[in-house]
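Trainee: Could you show me how to read a helix and a core in a structure that is new to me?

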Amino acid sequence: MAASGIQTSTHSDTTTFGGQRGYSHDPRSELFLSAVSSLTDNTFYESESGRLTRQRVLVGDIAVGDPRWMLSFLRWLRDDARIRTASLIIAADAVHARLAAGAADNLAPGERGINRQLIEVVLQRPDEPGEMLAYWHSQYGRTVPKPVKRGVADAVVRLYHQRSLLKYDGTSKGFRFGDVIELTHPKASSPQQGALFRYAIDRRHNRDTIDIGDLPMIVERERLKAQPAELIHRLADQGTLPDILAAAGMTWEAVPSLVDGPWTPQLWESIIPSMGVMALARNLRNFDAAGVSPQMAQLVSEKLSDAAGVERSRILPMRLLSAYRAAPSVRWHAPLEAALQHSLAAIPRLDGHTLILVDRSGSMFYSTSQRSDLTFADTAAVFGTALALRAKRATLVEFGTLSNQVHVPKGGSVLPMLSRFSDLGGTDTARALRGHLRPEHTRVVILTDEQYTGHGADPGAVVPAHVPLHTFNLVGYRQAHAAGSSNRYWYGGLSDASWPLIMLNENSSRGRWPWDAVKPATGEPKSGNPKPDKPTVTVSETVTVLSDSGAHNQYAEPGIGPQTVVGPDTLVWSPSGEGTQPMQIPMPVDAGYRPHDDVPPSTRKWWHLGRNRD
């Protein structure tokens with residue numbers, strides 16, 4: 001664990017892109033800020049290739065010199081910050097640098113190698129083992145070292161099951177599931193997973209005879225694909241189509257191919273009750289185009305407005321802002337506004353009187369990624385406004401060359417306030433501070449890219465030494481806008497784990513990394529299958545499930561479910577995916593427990609713990 005958070009030089013040793021005094025971050029801080037911002041996209045002042053070159057040097061030095069920090073950072077980056085591509089790139093580059101340097105591991109007894117762990121912790125989605133191997137081949141050649149193979153193999157055992165194969169093993173992938181299995185030789189966790197591995201290889205090579213007898217979900221999928229379109233429509237009318245799709249490892253996206261035609265109102269209305277928040281937000285235009293009923297539109301609104309559902313979905317606030325701006329009709333504005341408010345629940349309620357500066361300079365109006373129309377200025381405005389609305393007392397200011405105070409109405413919400421922000425040209429942070437900082441302010445929070453252009457003192461010098469200055473660097477450039485000293489804190493990215501650090505840092509004598517504020521994980525990574533501490537839950541050979549839609553389903557597989565025991569004979573499914581509801585299951589027969597990968601119908605993703613009968 002790191003001894004401190006983001007560190008900055010105490011004297012000016014560089015210049016900002018705006019030509020003013022700049023301050024260097026130490027290598028760990030520089031890597032952290034760039035990785036959580038825009039590692040794989042062009043920014044206003046820096047190209048993607050230039051940034052990647054800079055990162056690779058940083059990654060190599062840190063991976064060799066401080067591998068434990070790198071491991072903690074990558075675990076947080078993938079699990080909590082939810083950044084996929086940068087995590088994979090950094091992990092591969094780190095392992096390559098460590099292998100080239102012959103770096104030692106210094107392992108605890110029974111611990112797996114550091115290089116193996118670096119690879120495994122970032123692979124949290126079933127298509128990522130193949131993406132890791134594809135990146136390694138493209139950068140370092142076709143020879144894959146053993147630690148990389150072993151780390152990928154560890155992830156394969158955790159991630160490869162029937163549902164994930166059906167969803168992610170597409171023919172467009174550079175590395176199919178079968179390719180990954182043949183290259184890394186994972187040891188199957190059960191006979192059924194062994195059958196799945198053989199199926200993936202046979203499928204990859206288009207072999208004439210492929211045995212699927214031990215893979216019931218794949219059998220169901222083949223059976224469903226052979227049904228006529230009339231049957232699919234009838235299942236939709238009966239309200240059973242979502243369960244049938246889930247039993248076959250298919251999602252709502254497969255419906256048009258099953259009916260060989262477009263979506264109809266009836267098809268949408270059969271699927272909407274089982275859809276999660278993210279899927280609903282993406283399909284509002286499709287719902288309107290199909291003409292779903294007012295009653296079903298009301299259900300969509302209720303699901304988007306449900307605080308617990310939004311929290312389970314882990315949808316990012318900026319995706320909801322994008323959905324709001326693209327909404328085809330005003331009827332979706334209120335539920336999307338509510339969803340956005342719920343997605344910002346991790347924003348702290350700061351005490352005292354907080355001055356919040358939102359950077360609206362020209363360099364902030366650059367897209368956060370090549371796939372998005374949202375800008376860094378949008379991000380700063382959303383989070384700055386949310387922070388102001390939740391603070392005990394706040395002064396909210398937009399700044400560029402000039403600055404303006406933004407009125408914060410009591411009990412207001414984020415989306416209506418975004419129209420009050422404007423484009424303000426250059427970046428004179430110090431001038432904005434001089435114009436709005438008052439003796440009663442107990443802290444300053446600035447959301448910016450730190451590339452100030454104004455003349456005179458740097459921003460940190462304007463804020464009195466006893467007043468904490470918190471800078472959220474949204475773009476990840478190398479230069480800082482203030483000297484590092486007591487009461488000066490930097491943050492990169494805007495994940496749920498970042499916000500508690502404001503008060504933690506003010507109440508401690510040192511800065512912290514985001515993972516310092518998170519309860520240390522035990523066992524598998526967050527995104528993997530959890531293992532119960534004791535095999536005390538009971539299961540039955542046949543489980544009857546009463547779903548939230550009232551449908552009963554019989555399963556021959558034991559122990560569907562997991563994790564909350566509410567009584568000696570009852571288990572409650574704890575949903576880990578979006579749009580799912582807990583279900584109680586009678587569990588009358590004692591049996592041992594182990595992680596199991598297959599998941600039952602009526603859900604998008606459930607933890608499934610079952611007895612190994614093989």
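Mentor: Please keep in mind that this is a predicted model. We can begin with Ala236, whose place is in helix H12, residues 229-238.

Trainee: Is Ala236 buried or exposed?

Mentor: Ala236 has a relative accessible area of 7%, and because buried means under 20%, Ala236 counts as buried. Leaving aside residues up to four places away in sequence, Ala236 touches Leu241, Gln266, Leu267 and Ser270. The C-alpha atoms of Ala236 and Glu269 are separated by 8.1 Å, although these residues lie 33 residues apart along the chain.

Trainee: Which residues of helix H18 are buried?

Mentor: The general idea is that an α-helix has 3.6 residues a turn, so residues three or four places apart point the same way. In H18, residues 294-304, the buried ones are Met296, Ala297, Val300, Ser301, Lys303 and Leu304. They cover an arc of only 165 degrees around the axis, which puts them on the same side of H18. The exposed residues Pro294 and Gln295 are carried by the face of H18 turned away from its buried side.

Trainee: What do the buried residues of H18 pack against?

Mentor: They pack against several helices, namely H15, H16, H17, H19 and H21.

Trainee: How many residues does the largest nonpolar core have?

Mentor: In soluble globular proteins, nonpolar side chains tend to be buried together. Here the largest nonpolar core has 75 residues, and those with the most contacts inside it are Leu241, Ile272, Met275, Phe287, Leu336 and Leu447. Helix H22, residues 376-390, gives the largest share of this core, nine residues. A second, separate core has 60 residues, among them Leu123, Tyr135, Leu165 and Tyr199.

Methods: Residues numbered from 1 in each chain as written. Predicted model: local features only at pLDDT ≥ 70, side-chain atom pairs only at ≥ 80, totals over all residues. Heavy atoms only, no water. Buried < 20%, exposed > 50% of the residue type's maximum accessible area, 1.4 Å probe, protein only. Helix = DSSP H or I, 4+ residues; strand = E, 2+ residues; numbered from the N terminus. Arc of directions from axis to C-beta. Contact = heavy atoms within 4.5 Å. Core = buried A, V, L, I, M, F, W, Y, C linked by side-chain atoms within 4.5 Å.
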